[in-house]
Amino acid sequence: MKRDSGIALVDRDEDGVDRAFRADVLKGLRQRQKAIPARWFYDEEGSRLFEAITQLEEYYPTRAETEILEARGKEFAELIGPGRAVVEFGSGSSVKTPLLLRAIDPAAYVPLDISGDFLRESAAGLAEKFPGLPVHPVEADFMRRVTLPEEVEPLKKLGFFPGSTIGNMVPRTAVDLLRSMRATLGADEGESPLLLIGMDLVKDCAELEAAYDDAEGVTAAFNHNLVTRINRELDGTMPEGALEHSAMWNDALARIEMHLVATRDIAFEVSGERFAMRKGETIHTENSHKFTRRSANLLLLAGGWTPEKRWLDPDERFSVILARATEQREAP
Ligand code: AVI
């Protein structure tokens with residue numbers, strides 16, 4: 001195990017290749033339906049492109065969620081109260097996190113992220129904006145239970161998971177994450193933690209597809225960057241020009257799927273292994289699930305959280321939900 005960029009833990013081989021990246025890509029390309037986990041989008045260029053996506057006219061989720069956080073501060077303050085430790089799953093956005101922190105007067109802020117670089121940057125930015133607020137960044141994989149710093153142990157907790165990142169997980173993984181969050185926030189130790197979570201809504205399919213296939217081609221570049229990354233880091237020969245970005249609404253599973261579609265028969269190598277794709281065959285690169293009120297509630301309940309309040313933006317495109325860890329009991 002080697003430290004990458006000073007902080008993040010990345011397991012690299014003797015040639016400096018990220019072992020987990022190579023394993024995921026090779027495993028994914030060997031499958032009948034080729035698929036690569038969406039987490040590998042986010043190298044430096046991928047993170048920059050995602051930032052650019054959030055500014056696009058067609059990509060409404062960031063704007064809609066920010067509108068809710070801006071408008072509902074008073075209600076957050078009433079329902080959540082002061083003095084909590086805000087535990088953010090992910091390193092925090094320079095726009096959304098301050099809106100919440102300003103509204104509720106917390107006693108501490110704990111961003112959790114697997115990437116030390118993002119964590120350091122966002123924690124430093126937050127500490128500057130909120131000089132009196134103790135900030136305790138924790139470098140960890142929040143998909144598992146995380147031990148929080150001793151200093152925040154006695155405080156009540158509020159989990160914060162904006163952005164509808166929960167939608168990038170299939171329901172089984174989403175439920176596992178919600179259960180890990182419960183454990184991280186101390187739900188089984190007599191605490192009654194709260195969770196404020198952003199969940200994007202099911203809507204007209206043309207609007208959804210435009211959000212994931214914008215006119216400027218930024219989302220296409222984001223999808224293609226995965227190929228560039230594979231070619232650069234894994235000695236790949238994937239023909240970028242023969243893989244086309246596609247974003248389709250899957251109605252049965254209520255999700256946008258992003259794929260890279262082969263525009264002709266192709267053959268290529270990755271890390272010395274040979275692969276072939278027929279024209280029209282795809283590599284599945286991302287799911288972005290969208291929710292109704294009922295499906296959002298069911299997912300939260302399955303993950304051990306009882307929804308207490310839901311807010312929508314004025315155009316009813318996006319939801320922010322406040323949920324409380326469900327008390328475990330034997331009888332109905
Ligand atoms: C990070 N996540 C919530 C984004 C989404 O909307 O699913 C990722 C994204 N992919 C393409 N555009 C944005």
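Which residue forms a salt bridge with Asp265? I looked it up in this predicted model, and the partner is Arg278, with the closest N and O atoms 3.5 Å apart. The pair links distant parts of the chain, 13 residues apart: Arg278 is in the loop between β12 (273-277) and β13, while Asp265 is in the loop between β10 (255-262) and β11 (266-270). I then checked accessibility. Arg278 counts as exposed at 57%, and Asp265 is partly exposed at 45%.

**Other salt bridges**

I noted a total of 22 salt bridges in the structure. One of them joins Arg317 to Glu207, with the closest N and O atoms 2.9 Å apart. Here 110 residues separate the partners, since Arg317 is in the loop between β14 (305-312) and β15 (318-325) and Glu207 is in helix α8. Arg317 is partly exposed, with a relative accessible area of 25%, and Glu207 is also partly exposed, at 26%.

Next I went to Arg255 and Glu257, whose side chains meet in a salt bridge at 3.1 Å, N to O. Both Arg255 and Glu257 are buried. I also found a network of salt bridges linking Asp43, Arg229, Arg232 and Glu233.

**Helix α2**

In α2 (residues 44-54) I listed Gly46, Ser47, Leu49, Ile53 and Thr54 as buried. They are on the same side of α2 because they cover an arc of only 160 degrees around the axis. The buried residues of α2 pack against α3 (61-71), α6 (116-129) and α9 (218-233).

**Helix α9**

That took me to α9, where 12 of the 16 residues are buried, so the helix is largely enclosed by the rest of the structure. Among the buried ones are Phe222, His224, Leu226 and Arg229. From first C-alpha to last, α9 reaches 22 Å, close to the 22 Å expected at 1.5 Å a residue. I put its bend at about 25 degrees, at His224. Just after α9, Asp235 takes a positive phi of about 55 degrees.

In the loop between α8 (205-211) and α9 I stopped at Gly217. Gly217 is partly exposed, with a relative accessible area of 25%. Gly217 and His245 are 9.1 Å apart, C-alpha to C-alpha, and 28 residues apart in sequence.

Technical notes. Residues numbered from 1 in each chain as written. Predicted model: local features only at pLDDT ≥ 70, side-chain atom pairs only at ≥ 80, totals over all residues. Heavy atoms only, no water. Buried < 20%, exposed > 50% of the residue type's maximum accessible area, 1.4 Å probe, protein only. Helix = DSSP H or I, 4+ residues; strand = E, 2+ residues; numbered from the N terminus. Arc of directions from axis to C-beta. Contact = heavy atoms within 4.5 Å. Expected span 1.5 Å × (residues − 1). Bend = angle between axes of the 7 residues up to and from the residue. Salt bridge = Lys/Arg side-chain N within 4 Å of Asp/Glu carboxyl O.
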